[in-house]
Amino acid sequence: MVAMSQGLDQDVLVVKDLRVVFHTYAGEVKALDGVDLTVRRKEVLGLVGESGSGKSVTALTIEGLLPQNGEVVSGQIILAGNDLLKESSADLRISRVTDMAMVFQDPTTYLNPVLTVGSQITEIIESEAKLFTKQVIADRLIELDRLEGEGRITPVLEKERAKLKSLSSGAKISKREFKRLSRLYAINILRQVRLPEPERIFKDYPFELSGGMKQRAMIAMALVRRPKLFLADEITTALDVTVQAQILKLLTELREQIDTSVILITHDLAIVAEVCDRVAVMYAGNIVEVADVNELFRNPLHPYTKGLLASIPRPDLKEQEMKSIRGSVPNLIFPPSGCRFHPRCDFAFERCPLEKPKLLEVSKGHFVACFLYEGGQA
Amino acid sequence: MKTEPGPPSRSADLRYALHRFRQNPLIIAGSVISIGTILIAIFANVIVNPKLGRSTDLDLRLCWNNPALNWHITNVFNCGGTVYPLGTDTYGRSVLSMIILAIPLDLQIALEVVISAVVIGVFFGAIAAYAGGVIDEVILRITDIFLAVPAILLAIVLLVILGRSFSILTFAIVITWWPTYVRLIRSQVLGEKEKPYVEGLRAMGAGRVRILFRHVVPNSIYPVFVQATLDIGSVILTVSALTFLGFSPSPLIPELGNLANAGSTYIFTAPWLIIFSGVTILVISLGFNLLGDGIRDVFDPRLRR
Amino acid sequence: MKDDEYLLKVDNLLKWFPIRGGLLGRTVGHVRAVDGVSIAIKKGETLGIVGESGCGKTTLSRTVMRLLDPSSGSIVFDGTDISKLKGRDLKPFRRRMQMVFQDPYASLDPRQNVRSTLMEPMGIHHIQHSGEDRNRAVEKLVEIVGLNPDHLARFPHEFSGGQRQRIAIARALAVNPEFIALDEPTSALDVSVQAQILSLLQKLQLELDLTYMFVSHNLAVVRQICHRTAVMYLGRVVEVAPTETLFENPKHPYTKALLASVPLPDPSKRTDLVALEGDVPSPVNIPPGCRFRARCAYSTEKCALTSPGLFEFGPGHGAECFYDIDFKSGSKKEVPAT
């Protein structure tokens with residue numbers, strides 16, 4: 001289940017010491033205060049936190065979608081070897097199309113209501129025709145091979161296959177042919193996200209789809225580019241629990257089919273437990289704990305993680321004592337000194353308000369940012 | 001939907017508003033003009049002897065003698081030794097003094113009109129939106145009737161029938177002005193009444209009147225406030241237009257439109273009369289207009305609560 | 001159960017919304033949001049109402065609170081049917097029944113400070129006549145909900161979500177109600193704050209002898225705080241039972257599927273969450289027969305012909321199904337007709 005031995009080749013994403021500040025009239029919001037994160041190949045990393053933790057800001061920074069008053073003060077974001085923060089905006093746009101994709105919480109606001117679903121997908125493909133030509137042809141060839149395997153190939157399709165095969169070695173195709181192939185490719189992707197009757201959905205407008213179907217369409221739009229990194233920001237929060245189950249299952253299936261890594265951003269630890277390989281817990285702009293999912297739930301180390309796990313109501317247990325974390329999330333304009341969690345921590349001691357703890361590896365693959373664990377003691 | 005961490009503090013909102021304000025030169029100009037106008041209106045009787053307005057010396061002494069402009073119009077009566085910065089009118093009164101005396105009058109009429117129109121319009125519009133159904137339809141249709149008639153024509157007709165006084169003038173303009181506020185507050189209330197806090201109040205047992213006038217209307221009043229500020233300028237224009245057409249009680253009364261009216265006869269011989277009164281009308285209405293625009297730009301929709 | 005043991009008894013409540021269409025705006029159909037719901041809540045008890053979007057739980061809570069007029073059926077509160085009362089007759093019940101809403105940001109008037117918000121219900125219902133009495137009452141209220149008196153002068157936007165929800169609860173308590181309907185009161189809050197609010201609600205229930213109707217889509221929360229739970233689907237209560245019984249031994253296939261879909265915060269217990277394919281249907285065109293039939297793994301022809309009534313599977317445990325299904329083995333046997 002856990003991608004520990006595989007994926008030791010190049011990490012897909014490495015974020016080092018990322019600091020992001022928002023300039024507002026109330027003051028400077030120190031949203032991210034030195035975030036370190038790695039995502040391995042084909043892994044699903046859960047990024048967990050409550051409001052103000054900075055999990056969405058991290059994703060937006062990676063995608064380059066910070067609002068105007070946001071500023072990356074320092075840090076590196078290395079996606080497949082390239083530092084995104086050092087790229088020109090033209091290169092960054094290409095990266096956004098080919099290397100990473102993001103899906104947000106509310107599919108209704110992110111889908112253009114006056115365009116059909118299909119046209120919104122083909123728009124992505126056609127916007128970067130050069131990049132997609134090979135992929136589109138390759139996908140069609142796979143489809144044709146599959147049809148042959150099923151014995152459903154006709155002379156017309158046979159001819160098409162031969163022609164495409166001769167093309168795939170770098171020759172150009174006509175615009176019309178490209179449009180046709182794009183359309184077929186888009187329908188295929190809609191099928192991959194388990195939308196029933198994909199040809200019909202291709203022609204539908206967003207308002208004709210339900211919430212779950214719209215979210216699948218959004219995932220389809222993200223997967224069109226076969227991204228190396230897929231950022232899912234609270235994608236099931238607005239959905240019913242039965243629909244959420246379907247989407248989560250889809251994510252795990254897709255992870256197998258496509259060589260993609262997923263950062264699953266959520267406040268819901270239960271989702272993380274069901275779907276993720278590793279988990280990173282964020283609080284007030286810092287990563288406070290990272291571990292393999294089984295390890296995190298079995299042996300949480302950071303006081304915040306412990307508090308969070310203790311406060312989740314469990315549907316499978318009878319009445320439990322509901323514990324909560326005292327206090328509330330700090331104002332990031334005037335964050336607490338030292339460890340940002342210390343005002344709410346039951347285990348805080350003298351060092352905590354003075355210094356900021358670093359994220360250190362306490363046991364294999366388990367990182368904590370807490371002075372309780374420095375020097376290897378628990 | 002997840003909650004946000006710290007809500008913006010009130011001083012932050014104000015600081016942002018002031019910053020936006022400062023950034024926009026038009027707003028600054030508008031504010032300066034509007035505030036200046038109001039100050040002049042308040043202190044007019046101190047600056048200028050109010051009796052000047054009632055001068056009945058019909059000894060026509062139209063002249064201009066402004067040393068700043070090296071300009072003597074020869075085919076005009078002589079001034080004697082006094083300096084009139086903006087010239088005199090046909091009754092020998094300093095145009096500058098007349099303008100200063102006219103401002104409080106115009107501003108007063110404008111404020112009366114706007115406040116009355118707001119009160120009437122908000123009252124009917126809020127009820128129409130909150131009650132819905134037949135009441136809404138009826139009020140809307142009545143509003144439509146008034147909107148369909150061209151404002152100035154209606155005002156003229158009323159003035160002709162009812163006579164020429166400033167109260168009738170105010171009344172005539174209010175009649176044509178209130179429908180806009182009905183529409184404005186109605187659309188706001190329609191949206192506001194669906195908000196959860198209204199439901200909460202209903203669940204608590206609050207009556208409809210209380211909910212409407214103590215809660216919904218105060219939360220909906222913002223665009224009305226903006227429009228009212230804009231309208232002060234527009235009303236001054238309308239008043240001046242009507243008095244220019246001759247609908248004031250007496251041509252002697254210092255009022256901007258009146259002065260312009262008097263000046264229209266002498267437009268080629270003594271152009272300063274109409275120029276300065278006209279420019280004043282323009283500047284004042286522009287000032288309030290810019291101020292209203294500025295308030296809208298700065299506060300809306302960021303602080304829309 | 002004697003009727004007077006129940007503080008609230010809802011009998012066959014219907015709330016249909018007309019759909020207008022055509023040139024003349026004729027009624028072409030109905031959205032059957034609440035389509036025959038009967039529930040009863042004892043004094044001091046919490047009844048949970050769970051379901052997904054479109055099931056009618058929100059409409060149910062609003063109809064019970066008389067924010068909507070029922071299409072038919074009765075709502076008996078402490079012996080009086082309030083379903084047809086209006087205006088002045090309804091007002092005394094408004095004092096005894098209060099509501100707390102989901103969105104802590106929008107449920108308070110943004111232009112009223114806390115003191116004014118809390119004093120208003122007292123003014124509406126003429127409680128505590130002198131200003132001094134009211135002030136003292138208001139100060140006590142904020143303390144009961146865990147805030148302090150210097151919060152009274154502040155405005156809603158100066159508070160966090162959890163604090164605003166406390167203010168909303170204080171406002172509900174201002175008139176000493178007997179019954180509070182809570183519509184997803186913690187859904188918009190952070191998990192760590194959620195627990196605080198739920199503890200507060202439980203404490204208040206014990207101290208003030210309150211009765212709650214707790215509407216939520218979050219099954220885990222419902223399990224913690226509700227004594228009995230009702231599951232709604234497409235406008236009807238398809239199963240109702242004491243909470244533990246519902247979670248341990250559900251009898252309706254929808255309940256079973258719903259419980260199976262909830263992710264557990266325990267990676268060692270991963271299962272296939274998908275028990276139900278397709279989308280949650282809309283309450284506009286409800287097919288004949290059992291309304292869950294189309295998505296039910298156990299449906300038969302009988303389910304398509306008639307709609308099952310509530311069959312009692314145990315004390316206080318009812319479900320609308322023709323079959324007693326053993327979910328482990330998948331076998332089912334028909335229940336005797338009542």
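Which residues of strand S6 of chain A are buried on one side and on the other? On one side these are A:Met100 and A:Met102, and on the other A:Ala101 and A:Val103, so that both faces of S6(A), residues 100-103, are covered. A residue is called buried if 20 or more other C-beta atoms lie within 10 Å of its own, exposed if 12 or fewer do, and partly exposed in between, with C-beta atoms placed from the backbone.

## Basis of the model

This is a predicted model, in which local features need pLDDT of at least 70 and side-chain atom pairs count only at pLDDT 80 or more, while totals for chains, interfaces and linings use all residues. Residues are numbered from 1 along each chain as its sequence is written, and chains are lettered from A and ligands numbered from 1 in the order in which they are written.

Helices (H or I, at least four residues) and strands (E, at least two) are DSSP runs, numbered from the N terminus. Two strands pair if DSSP finds at least two bridges between them.

## Strands and sheet of chain A

S6(A) runs parallel to strand S7 (residues 229-233) of chain A, and four bridges join the two. Within this pair, A:Val103 stands opposite A:Ala232.

An open, antiparallel sheet of chain A has four strands in the order S2-S1-S4-S5. Its edges are strand S2 (27-39) and strand S5 (82-83); each has a single partner strand, so one side of each is left without a neighbour in the sheet. S5(A) is joined to strand S4 (residues 70-79) of chain A by two antiparallel bridges, with A:Ile78 opposite A:Asp83. Helix H1 (residues 55-63) of chain A lies across strand S1 (13-24), S2 and S4 of that chain, at about 75° to S2(A). Such angles run from 0 to 180 degrees between N-to-C directions, and the axes are lines fitted to C-alpha atoms, for helices over the stretch in contact.

## Chain C

The secondary structure of chain C consists of 10 helices and 14 strands. Its C-alpha trace spans about 70 × 60 × 45 Å along the principal axes. Of the 338 residues, 50% count as buried. Two residues are in contact if their C-beta atoms, placed from the backbone, lie within 7 Å. Among contacts in chain C between residues at least 6 apart in sequence, 63% join residues at least 24 apart.

Strand S8 (residues 211-216) of chain C has six of its six residues buried. C:Thr211, C:Met213 and C:Val215 are on one side, and C:Tyr212, C:Phe214 and C:Ser216 on the other. S8(C) is joined by five parallel bridges to strand S3 (residues 46-50) of chain C, where C:Leu47 is the bridge partner of C:Met213. Strand S7 (residues 179-183) of chain C also pairs with S8(C) in the parallel sense, over five bridges; here C:Leu182 stands opposite C:Phe214.

## Nonpolar core

A nonpolar core is a set of buried Ala, Val, Leu, Ile, Met, Phe, Trp, Tyr and Cys residues joined through C-beta atoms within 7 Å. The largest has 273 residues, of which A:Ala220, A:Ile263, A:Leu264, C:Met213 and C:Phe214 touch the most other members. Helix H3 (residues 95-131) of chain B gives the largest share of this core, 21 residues.

Leaving aside neighbours within four places in sequence, A:Ala220 is in contact with A:Ile121, A:Ile189, A:Leu190 and A:Val193.

## Contacts between chains

Between chains A and C, the contact takes 38 residues from chain A and 35 from chain C. Helix H10 (241-257) is one of the elements of chain A that give two or more residues to this side, and H10(A) has the largest share, seven residues.

Chain B puts 18 residues in contact with 26 residues of chain C. On the chain B side, helix H7 (196-204) and helix H8 (208-220) each give two or more residues, and H7(B) gives the most, with seven.

## Positive phi values

A:Glu197 is not a glycine, yet has a positive phi of about 50°. This residue is in the loop between helix H7 (175-192) and helix H8 (198-203) of chain A, and A:Glu197 counts as exposed because it has 10 C-beta neighbours inside 10 Å.

C:Asp78 also has a positive phi, near 50°. C:Asp78 lies in the loop between strand S4 (72-77) and strand S5 (80-81) of chain C and is partly exposed, with 16 other C-beta atoms within 10 Å.
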